[in-house]
Amino acid sequence: MQTTEQWSCEISKIMDDLSGKWRLNIIWIISNQPDIGFNQLRRNLPNITNMALERSLDALQTKGYISKELIGHKPPLQSKYCLTIKSKNILPVLLKLNNIN
């Protein structure tokens, strides 16, 4: 769904934010495993490439659905991802949609 100036409602904006092959799966995994790292996410999504995971995580972080915490003082730093209030608020709606079938 594409949000335009003529058609702009909050539902279409959320659908645009969450569209993409992996974004809902990523939110689902993070909701079940708070503070999950990049490699753990990668193992939970066996068919995703590193590039696709990075882009999906960046998009979700930019839109405010997940937050990223870097752990460590020297490289390589470890990344931990968790849901934000925004995604926690839409999670019950997503669960209801999941239970339709």
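What covers the buried residues of helix 1? The cover includes helix 2 (23-32), helix 4 (50-62) and helix 5 (85-98), where covering is a matter of contact, that is, heavy atoms within 4.5 Å. The model here is a predicted one: local features need pLDDT of at least 70, side-chain atom pairs count only at pLDDT 80 or more, and totals for chains, interfaces and linings use all residues. Residues are numbered from 1 along each chain as its sequence is written, and side-chain values use heavy atoms, with hydrogens and water left out.

Helix 1 spans residues 10-18, and its buried residues are Ser12, Asp16, Asp17 and Leu18. Helices (H or I, at least four residues) and strands (E, at least two) are DSSP runs, numbered from the N terminus. Buried stands for under 20% relative accessible area and exposed for over 50%, with partly exposed in between (1.4 Å probe, protein chains only). Ser12, which sits in helix 1, is buried with a relative accessible area of 0%. The Ser12 side chain reaches the backbone oxygen of Cys9 at 2.9 Å. That pair falls under polar contacts (N or O atoms within 3.5 Å; within protein, one must be able to donate a hydrogen and the other to accept it, and residues adjacent in sequence count only if both atoms are side-chain atoms). Just after helix 1, Gly20 takes a positive phi of about 130°.

Next come the charged pairs. Two salt bridges turn up in the structure, a salt bridge being a side-chain nitrogen of Lys or Arg within 4 Å of a carboxyl oxygen of Asp or Glu. One of them joins Lys13 to Glu10, with the closest N and O atoms 3.4 Å apart. Both of these residues belong to helix 1 and are three residues apart, about one turn of the helix. Lys13 is partly exposed at 35% relative accessibility, while Glu10 is exposed at 54%. The other salt bridge brings together the side chains of Lys63 and Asp17, at 3.6 Å from N to O. Lys63 lies in the loop between helix 4 and strand 2 (66-71) and Asp17 in helix 1, so this pair ties together parts that are 46 residues apart in sequence. Lys63 comes out as partly exposed at 41% relative accessibility, whereas Asp17 is buried at 10%.

Then there are the pockets. These were found on a 1 Å grid over the protein atoms alone: a pocket is an open set of points where a 1.4 Å probe fits, with protein on both sides within 12 Å along at least five of seven lines, and lining residues have an atom within 4 Å of a point. Grid points are joined across faces, edges and corners, and a volume is the space filled by probe spheres set on the points. The largest pocket has a volume of about 260 Å³. Its lining is made up of Ile11, Ile14, Met15, Leu18, Ser19, Leu24, Ile90, Val93, Leu94 and Leu97. Helix 1 and helix 5 are the elements that give two or more residues to this lining. By class, the lining of the largest pocket holds nine nonpolar residues, one polar and no charged. In this scheme Ala, Val, Leu, Ile, Met, Phe, Trp, Tyr, Cys and Pro count as nonpolar, Asp, Glu, Lys and Arg as charged, and the others, Gly among them, as polar.

The second largest pocket comes in at about 180 Å³. Leu24, Asn25, Ile27, Trp28, Leu91, Leu94, Leu95, Leu97 and Asn98 form its lining. Here the elements giving two or more residues are helix 2 and helix 5, and helix 5 provides the largest share, five residues. The lining of the second largest pocket divides into seven nonpolar, two polar and no charged residues.

Most residues other than glycine have a negative phi, and most peptide bonds are trans. Asp35, however, has a positive phi, near 60°. Asp35 is found in the loop between helix 2 and strand 1 (36-37) and is partly exposed, with a relative accessible area of 42%. The peptide bond from Pro75 to Pro76 is cis, with omega near 0°, and Pro76 belongs to the loop between strand 2 and strand 3 (78-83).
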